[in-house]
Amino acid sequence: MTSKNIKKICCIGAGYVGGPTMAVIADRCPQIEINVVDLNEKRIADWNNNDFSKLPIFEPGLDSIIKRCRNKNLFFSTDIEKQISLADMVFISVNTPTKNKGIGAGQAVDLKWVESSARQISKYAKGETIVVEKSTLPVKTAETIKKILLSNKKDSGNNFYVLSNPEFLAEGTAINNLENPDRVLIGGDDENAINALKSIYLNWVPKTKILTTDLWSSELSKLISNAFLAQRISSINSVSAICEATGADVNKVALAVGTDKRIGKYFLNSGPGFGGSCFKKDILNLVYICNFYGLKEVSAYWQKVIEINNWQQNRISKLIVEKLFGTLSGKKIAILGFAFKGNTNDTRESPAIKICKELLEEGVNLAIYDPQVNKKQIESDLGQIENKNISISASEGSWSFSSSIIESSKNSDAILILTEWDEFRDIRWQPIADSMKKPAWVFDTRCITNLDEAKRCGMNIWRIGINYE
Ligand code: NAD
Ligand code: UGA
């Protein structure tokens, strides 16, 4: 392509990636106009809400950027056709969940939304357009996108250049990750297109942190990055069980092991298993790709990372039943945290969903509190509506929504901490212990609370990765 100075960007998909990513580009590049478009009218209306606490995504630091840029050089709309037609560069930032039917169901990625985005671009784009894959995609998807784009070429001036630019942000720290990335990865086969995207990032990212490569290596690197991160979590979670069996402490082991520079200290926190919309789906996709290429041993290796994760989530509910004398019927458990990690309102694949469902099967009453997750979301995730009128004699499991730690713990038999919110680190145990039934238990799956104090207040304690008996 001819060298290009980008003036207008359109981003398809106003989700957890599209929203924050475009907000940071708008903030750092006031000379560029950015239009984020989505099919979901409610989501777009929420992005345009003047009450900044009602933005569709809770992400520290995001609201102040939206305040600075919205309706200056950052716009949210459902006007997909118009914004694609005006853009020099179109980002595809749509959802790529695991397929739930047909060939590859349960493993392969459902590319339905990516394909429909490519069709929209193919139909409406004018002149030379750079198309950037921001979504996480199976290796070689750029080939499919190119075919779709070119199927609708209108005249000789109308052309497309596909780049891969995977996103590495983590929810809860997205703004910091975007403003100070470890690296920006750009894969492509057209130097001018690569340079056009690179010049945007150069507004705030040092040159040495911008890696350029070919399309397939870029697409695959994103899947492998997530697989490596998830693998570390499964490794430390498997160690947590060894620690509980032997009397070692998983935090002390993680510190000793992680101090070796070759291993590193990050992603060694044992917990209730990894959640979030991506780790599981990306590893399943990797497993699918390995099988597709006949790499059975490689696929079995990555599959094990998911199996250990399922096992870790499952063993927590089992252990709680055991500690509470083998039955949960008629008992109340306070659930602290429902989001898949701290500092986000996202519950996709949250370990809390599976663990709560397993506890409900046992006939327990759950009082769920999370600082950012609302009642409607929990109802949808658990597939069960809230029941405030808990009866001790009821044999069916039920749950109710709480708006504070103390409200959820009142008259409960146990507290189960599932998300690492700061608020749970600072719990003052005496009033909580006083409000609970005895014997009172605290199960800390995130190793965050002051358990010595809880013990002094007369509580029985269990923490992941250590044996207190
Ligand atoms: P999301 O579900 O929050 O947002 C996707 C949005 O795309 C939705 O609002 C949906 O309505 C919209 N959409 C789908 N098809 C559309 C179309 N044809 N036209 C207009 N809008 C359309 O998803 P997300 O969490 O932002 O993830 C997006 C991609 O980024 C995924 O591939 C994911 O794997 C990847 N990713 C996610 C994260 C993360 O932290 N969530 C981090 C890195 C990469
Ligand atoms: C993860 C990656 O960290 C991002 O780099 C990537 O861009 C993103 O996936 C994606 O592709 O979607 P995210 O899922 O938002 O980001 O959050 P993480 O901080 O990675 O946490 C994922 C899960 O692992 C959470 O449930 C978290 O509690 C758990 N975790 C994380 C642990 O159990 N232990 C740890 O040490 C770290």
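Tutor: Start with one pairing: Ile 368 has Phe 401 in strand E11 as its bridge partner. The model is predicted, so local features need pLDDT of at least 70 and side-chain atom pairs pLDDT 80 or more, while totals for chains, interfaces and linings use all residues. Residues are numbered from 1 along each chain as its sequence is written, chains are lettered from A and ligands numbered from 1 in the order written, and side-chain values use heavy atoms, without hydrogens or water.

Ile 368 belongs to strand E10, residues 365-369. Strands here are DSSP runs of E with at least two residues, helices runs of H or I with at least four, numbered from the N terminus. E11, residues 398-401, runs parallel to E10 and is joined to it by four bridges; two strands pair if DSSP finds at least two bridges between them. E10 also runs parallel to E9, residues 332-336, with five bridges joining them. In that pairing, Leu 366 of E10 stands opposite Ile 333. Between E9 and E10 the chain passes through helix H13, residues 351-361, in a right-handed β-α-β crossover: seen with the strands pointing away from the viewer, the path from the first strand over the helix to the second runs clockwise.

As for burial, E10 is covered on both faces. Asn 365, Ala 367 and Tyr 369 are buried on one side, and Leu 366 and Ile 368 on the other. Buried means under 20% relative accessible area, with a 1.4 Å probe and protein chains only. Because five of its five residues are buried, E10 is largely enclosed by the rest of the structure.

Conventions
Buried < 20%, exposed > 50% of the residue type's maximum accessible area, 1.4 Å probe, protein only.
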